[in-house]
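Me: I would like to learn how to read a protein structure, one feature at a time. Could you take me through this one?

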Amino acid sequence: MKTVYKFLLCNVLIVCVLFLCSWGYLVHKTVHQLAVYQLPTPLQNFFYANMDYLVNQSARPDKRKRFDSTEGAKHFIDFEYYGENAQNKMPTTWQKAVKKYTADTLYKYGYVPFVVVEMQNKLTEAFRQCKKDSILFYANDLGHYIGDAHVPLHTTENYDGQLTNQKGLHALWETTIPEIEINQFNLSTTHKATYISNVEATIWKTVRTSYAMVNNVLEQEKKVSATMNDATKFRTQIRNGKETKQYSTAFAKAYNVVLKNTINERLITTSQTIADFFYFSWVNAGKPNLENCFATPSELQLKNLQAELLMFKNNQLIQNNMLKAKAK
């Protein structure tokens, strides 16, 4: 009995760690799926044929944190530690950043935009060599880090609201609200993957935008808090024998209302950026004919893809049980 209890407790803790570290598992899965729909046919067919891997492995970088002490800093960048107005003043290339701050500093206070560029280079090389396993591995990791770069609380030292008496805000913004509200989200976009003129500029624009959103994330929480008492704002749970407080469903819904479409829009923008980076990597590799490297999708897969593309266009993936993160 003790063994079963320890096993269950371990899994609960793992889930909690994942949810506190980045976009929740639901969103990482979702943005990878949506990105595939925005790709040109040659890339789309390849990634769709391997959609299960791309979606189901989307949280793998978070899981690596359990045994790789160097992994954590790859998911965020705490701009405050790099000096005043660092989001605009930091060097955007790794070599120059190391020269200014040292590698140890970057490894301590986060360097997600540099990791995105590194993964993009590795994905390009994988495409160039037509190595299926490597393409999928680096595409998955690249998409994950791009997702993290779109989360405002991944760009600040006050990453969980812990410095402003708003502890728990991290999971509320990126996990709880999507879990509760995704059925109401618009999961459609007319965006088609486009070639990126400057990779560094693109990912730095992303983290700067995320950082510019931090104050609103904090202030809107305070606004909703002013309308509720502790009994309605929090729900109590017993975890590891201790009583803990988390934001209630009622608070999450109210908070999402005052944020308007912020979280939904950030989810869609994430999928668009992932699609652009996948496309950029393929083009820079010389647009290899992936059909010459791998088996082509089956007729059934292509038929399913067309059906999903139609539902994606009409924002009906969830209604038709085609969003893989929620599929029964």
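Me: Which residue does the disulfide join to Cys130?

Reply: A disulfide is a covalent bond between the sulfur atoms of two cysteines. Keep in mind that this is a predicted model. Here the disulfide joins Cys130 to Cys293, with 1.8 Å from S to S. The structure holds one disulfide.

Me: Which parts of the chain does the pair Cys130 and Cys293 tie together?

Reply: To read this, look up where each cysteine sits. Cys130 lies in the loop between helix 9 (112-129) and helix 10 (132-149), while Cys293 is in helix 17 (residues 290-293), so the pair ties together parts that are 163 residues apart in sequence.

Me: What is the handedness of the disulfide of Cys130 and Cys293?

Reply: For that, turn to the torsion about the S-S bond. In this pair the torsion is about 70 degrees, so the disulfide is right-handed.

Me: Which residues is Met51 in contact with, leaving aside its neighbours within four places in sequence?

Reply: Contacts show what packs around a residue. For Met51 they are Gln33, Val36, Tyr37 and Lys324. Take Val36: Met51 and Val36 are 15 residues apart in sequence, and their C-alpha atoms are 8.2 Å apart in space.

Me: Now the whole chain. How many helices and strands does the secondary structure come to?

Reply: The chain has 18 helices and two strands. Its radius of gyration is 20 Å, close to the 20 Å that the globule rule gives for 328 residues, so the chain is as compact as a globular protein of that length. Along its principal axes, the C-alpha trace spans about 60 × 50 × 45 Å.

Me: What share of the residues counts as buried?

Reply: Of the 328 residues, 49% count as buried. The accessible surface of the chain is about 16,000 Å², and 52% of it belongs to carbon and sulfur atoms.

Me: Last one: how far apart are the mean positions of the positive and negative charges?

Reply: The chain has 38 positive and 28 negative charges, and their mean positions are 2 Å apart.

How values were computed
Residues are numbered from 1 along each chain as its sequence is written. This is a predicted model: local features need pLDDT of at least 70, side-chain atom pairs count only at pLDDT 80 or more; totals for chains, interfaces and linings use all residues. Side-chain values use heavy atoms; hydrogens and water are left out. A disulfide is a pair of cysteine sulfur atoms within 2.5 Å. Helices (H or I, at least four residues) and strands (E, at least two) are DSSP runs, numbered from the N terminus. The radius of gyration is taken over C-alpha atoms; the globule rule is 2.2 Å times the number of residues to the power 0.38. Buried means under 20% relative accessible area, exposed over 50%, partly exposed in between (1.4 Å probe, protein chains only). Accessible areas come from the Shrake-Rupley method with a 1.4 Å probe; for residues, only the protein chains shown count as cover. Lys and Arg count as positive and Asp and Glu as negative; His and the chain ends are not counted. The place of a charge is taken as NZ of Lys, CZ of Arg, CG of Asp or CD of Glu. Contact means heavy atoms within 4.5 Å.
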